[in-house]
Amino acid sequence: MKDTPLSNCERDFLLKAIEEKKRLDGRQTYDYRNIKITFGTDYGCCFVDLGKTKVMAQVSCELVAPKESRPSEGIMFFNIELSPIASPGFEIGRQSELLVKLNRQLERCLRNSKCIDTESLCVVSGEKVWQIRVDVHVLNHDGNLMDAASVAAITALCHFKRPDVGIHGEEITVYGPEERDPIPLSIYHMPICVSFAFFQQGTYLLVDPCEKEERVMDGLLMIAMNKHREICSVQSSGGIMLLKEQVLRCSKIASVKVSEITELISKALESDKRARKQGSGVGFAESLPRERITALKTDELPVEMTDVIERANEIIQKVDAPPQTVPSPLVPAPGTGQVGEGLQNTWGLTEEEEEEEEEEEEEEEEEEEEEEDEDEDEEEVKMVTNERQMTEEKAKGDVVVIMDSDSEEEEVVILKQETAPQSTRTTATGVHQKAAVASKKTRRK
């Protein structure tokens with residue numbers, strides 16, 4: 001299943017916001033999302049939350065034969081898994097371009113930087129060495145997987161402890177944690193990746209891009225550095241040309257971010273060590289007493305429990321006692337039962353009251369219609385009388401002045417009106433009268 005592509009409106013909105021130095025989650029240009037580091041029950045299990053991006057790293061070890069070229073050095077193996085649980089665009093058993101890039105960058109960051117003493121992993125030179133395997137599982141993808149994976153991997157390596165080994169002649173004995181205390185790995189420094197996204201051909205720069213910002217970016221620069229300001233690896237992707245000043249600026253920003261993340265990792269390791277030493281619950285066991293499996297946090301509210309019984313008795317005494325007798329059920333029809341017939345309905349109006357209200361409303365509507373019909377009849381009578389006056393005055397040949405008491409228009413004066421035959425006037429007047437009477441009858445009906 002492929003990811004849903006961004007629409008042109010979303011793309012233009014993101015680019016316009018970046019030009020105005022604004023981001024979707026309200027961060028500034030050089031701000032990281034909140035980083036949360038937690039540990040599992042076993043040593044070497046680490047969870048890292050970078051905003052909504054969630055990654056789990058698990059470290060394991062086993063005794064294997066060394067490489068012929070390096071018989072006295074242990075083996076480091078890194079693996080990143082992208083499952084559909086993190087994003088619908090990831091497929092199981094398929095080597096995508098993103099997966100190959102992440103694996104290579106993680107190997108360059110941790111293996112090629114020589115952050116782990118591989119010689120301390122040798123048990124018998126040329127025969128047995130420890131192989132340390134780091135599996136990184138992406139649980140949720142919301143951008144910047146490389147930074148979250150590097151933090152989870154180096155934290156899990158610092159937290160991991162391998163079993164102790166004893167050699168007696170040619171026999172190699174691996175002791176469990178009950179017999180001997182496990183031994184932590186020898187780590188020289190902690191390289192951490194910091195990602196920079198470039199937009200508009202390098203004009204704009206963002207730190208820790210989210211998933212939508214990664215879709216519209218033109219190029220990506222990843223710098224792996226430790227707190228001693230030593231660059232472990234640099235990788236650029238996207239085919240964008242960067243100036244020397246831009247790379248130096250990114251390296252200065254990365255040095256500040258790396259020192260902050262390193263301090264956060266150290267505090268998380270110290271708090272976990274202190275909790276295990278005190279015997280308190282860690283990992284999954286910590287979530288059981290607090291019921292955090294279904295709810296992340298339960299808010300505790302202070303409730304006053306003093307004099308509860310006395311207050312309950314007072315409330316019960318104030319309330320009216322329920323009737324001792326229950327009304328007997330009535331049977332209005334065979335096969336039916338009814339309880340409480342004849343009691344007053346307190347839920348609203350009864351059916352009789354509703355019918356009375358409907359009848360009153362109908363009567364009011366009929367009265368309003370009758371009043372409107374009477375007004376219309378009066379207006380028609382006035383029009384007929386005016387027409388009669390006009391015809392009479394025309395017959396006399398005098399000046400005709402039309403006066404309408406109801407209208408607000410100006411007076412109309414008619415001069416030199418031609419006389420019409422008497423029969424024409426009488427027929428016109430009769431027609432108007434009949435039309436008025438007919439309209440009046442229809443409206444009354």
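Is Thr53 buried or exposed? Select Thr53 and find out. Thr53 is buried, because its relative accessible area is 0%. Buried means under 20% relative accessible area, exposed over 50%, and partly exposed in between, using a 1.4 Å probe and protein chains only.

**Before you go on**

This is a predicted model, with residues numbered from 1 along each chain as its sequence is written. Local features need pLDDT of at least 70, side-chain atom pairs count only at pLDDT 80 or more, totals for chains, interfaces and linings use all residues, and side-chain values use heavy atoms, with hydrogens and water left out.

**Stop 1: the whole chain**

Show the protein chain as a cartoon. It has nine helices and 16 strands. Helices (H or I, at least four residues) and strands (E, at least two) are DSSP runs, numbered from the N terminus. Of the 445 residues, 31% are buried.

Now colour by pLDDT, the predictor's confidence in each residue, from 0 to 100. The chain mean is 79, and 75% of the residues reach 70 or more. Contact means heavy atoms within 4.5 Å. Where pLDDT is low, the predicted coordinates should not be read in detail.

**Stop 2: around Thr53**

Return to Thr53, in strand 3 (residues 53-64). Show its side chain. A polar atom there lies 2.9 Å from the backbone oxygen of Gly143. Leaving out residues up to four places away in sequence, Thr53 touches Arg33, Val48, Asn140, His141, Asp142, Gly143, Leu145 and Ala148.

Move to one of these, Asp142. Asp142 sits in the loop between strand 6 (128-140) and helix 3. Asp142 counts as partly exposed because its relative accessibility is 22%. Then pick Ser87: its C-alpha atom is 8.6 Å from that of Asp142, though 55 residues separate them along the chain.

**Stop 3: two helices**

Select helix 3 and helix 5 (residues 244-278). They pack at an angle of about 35°, with axes 11 Å apart. Axes are lines fitted to C-alpha atoms, for helices over the stretch in contact, and angles run from 0 to 180 degrees between N-to-C directions.

Which residues of helix 3 and helix 5 make the contact? Helix 3 brings Val151, Ile154, Thr155, Cys158 and His159. Helix 5 brings Ile261, Ile265, Leu269, Asp272 and Arg276.

**Stop 4: Gly74**

Select Gly74, in the loop between strand 3 and strand 4 (75-82). Gly74 counts as buried because its relative accessibility is 12%. Beyond four places in sequence, Gly74 touches Thr118, Leu121, Val129 and Trp130. Asp117 is 43 residues away in sequence and 8.6 Å away in space, C-alpha to C-alpha.

**Stop 5: two positive phi values**

Most residues other than glycine have a negative phi. Select Asp208, in the loop between strand 12 (204-207) and helix 4 (211-216). Asp208 is not a glycine, yet has a positive phi of about 55°. Asp208 is buried, at 0% relative accessibility.

End at Arg229, in the loop between strand 13 (219-225) and strand 14 (231-237). Phi of Arg229 is near 65°, also a positive value. Arg229 is exposed, because its relative accessible area is 58%.

Technical notes: A polar contact is a pair of N or O atoms within 3.5 Å; within protein, one must be able to donate a hydrogen and the other to accept it, and residues adjacent in sequence count only if both atoms are side-chain atoms.
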